[in-house]
Amino acid sequence: MLPATAAQASETRALLTLINTYRQASPTCDGRQTEALGPLAPDDRLARVLVASEAQLQRELKRAGYQAGRVLVIALAGTTNVNAVMSALKQRYCGPLLDPQLSEVGVLRRGESWQLILAQPLLSPDLGGWQHAGQAILQQVNQARATSRSCGGQVFAAAAPLTWNVRLARSALAHSRDMAARNYFSHTSKGGSQAGGRAQHAGYRWQRIGENIAAGQGSAKQAVAGWLASPSHCPNIMNPHFTEMGAAYAVNPESDALIYWTQVFGTPR
């Protein structure tokens with residue numbers, strides 16, 4: 001176990017921001033245009049594990065208390081510059097970075113050496129039903145809104161807490177179920193609907209609407225961690241103009257990401 005300095009923590013956060021921006025941009029990898037992906041969620045347990053072999057990886061993950069359904073390690077050396085690390089990752093490891101079956105990450109830096117552990121966790125044993133998980137998301141989002149926060153390069157002041165709205169929750173559940181059942185990840189459904197139309201269909205009359213989606217995170221806590229680590233999702237959480245939200249997940253063992261999350265924000269008319 002290796003403690004991170006404040007400077008190293010800042011650098012790993014910066015690298016994660018670059019990675020999540022890259023995942024959402026539908027980049028070309030190995031000559032193929034990829035689909036936009038949700039953010040990787042940071043996990044401190046993955047960031048504390050230093051490994052030299054596959055056998056050691058499994059042993060150290062178990063010791064750290066992390067149960068992985070799938071895991072991959074990337075090692076780089078030769079620079080302390082975050083932008084140079086990101087450039088090397090895109091050139092040499094675009095496939096793992098853009099794998100929809102990997103949803104969490106730990107970044108460890110020692111001098112000019114970097115280690116990334118990418119994983120898809122097993123579902124949390126205390127995940128509970130979708131309503132329970134949705135309420136957990138609401139609690140964590142309101143904790144995040146209670147203090148000022150930088151979302152990428154945008155600074156947000158603390159915002160008032162959101163309240164639960166059952167119609168927004170039903171809209172979130174419907175979209176999560178659709179993504180899980182039809183094995184896709186997008187704000188636009190296979191039928192062409194968008195967040196505003198889905199909320200309206202659920203009976204929510206809105207003047208402002210927003211949506212976050214995620215895939216692969218095994219708990220509500222990690223879904224929120226991924227959104228907060230994403231420059232495009234974090235602003236929805238911190239937006240002071242939103243007053244209500246609903247959230248839900250759906251699972252399909254035959255899908256790429258196993259679990260799909262949707263969070264819908266609204267301001268009623």
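1. Which residue stands opposite Thr-163 in E11? It is Glu-244. Two strands pair if DSSP finds at least two bridges between them; strands (E, at least two residues) and helices (H or I, at least four) are DSSP runs numbered from the N terminus.

2. This is a predicted model, where local features need pLDDT of at least 70, side-chain atom pairs count only at pLDDT 80 or more, and totals for chains, interfaces and linings use all residues. Numbering starts from 1 along each chain as its sequence is written, and side-chain values use heavy atoms, without hydrogens and water.

3. E9 and strand E11 (residues 244–251) run parallel, joined by 2 bridges.

4. Axes are lines fitted to C-alpha atoms, for helices over the stretch in contact, and angles run from 0 to 180 degrees between N-to-C directions.

5. Another open sheet of 4 strands has the order E3-E5-E6-E4, also with mixed pairing. Its edge strands are E3 (41–42) and E4 (68–77). E4 runs antiparallel to strand E6 (residues 113–121), with 9 bridges between them. Ile-74 stands opposite Leu-116 in E6. Helix H3 (residues 54–64) packs on the sheet and touches E4 and E6.

Notes
Contact = heavy atoms within 4.5 Å.
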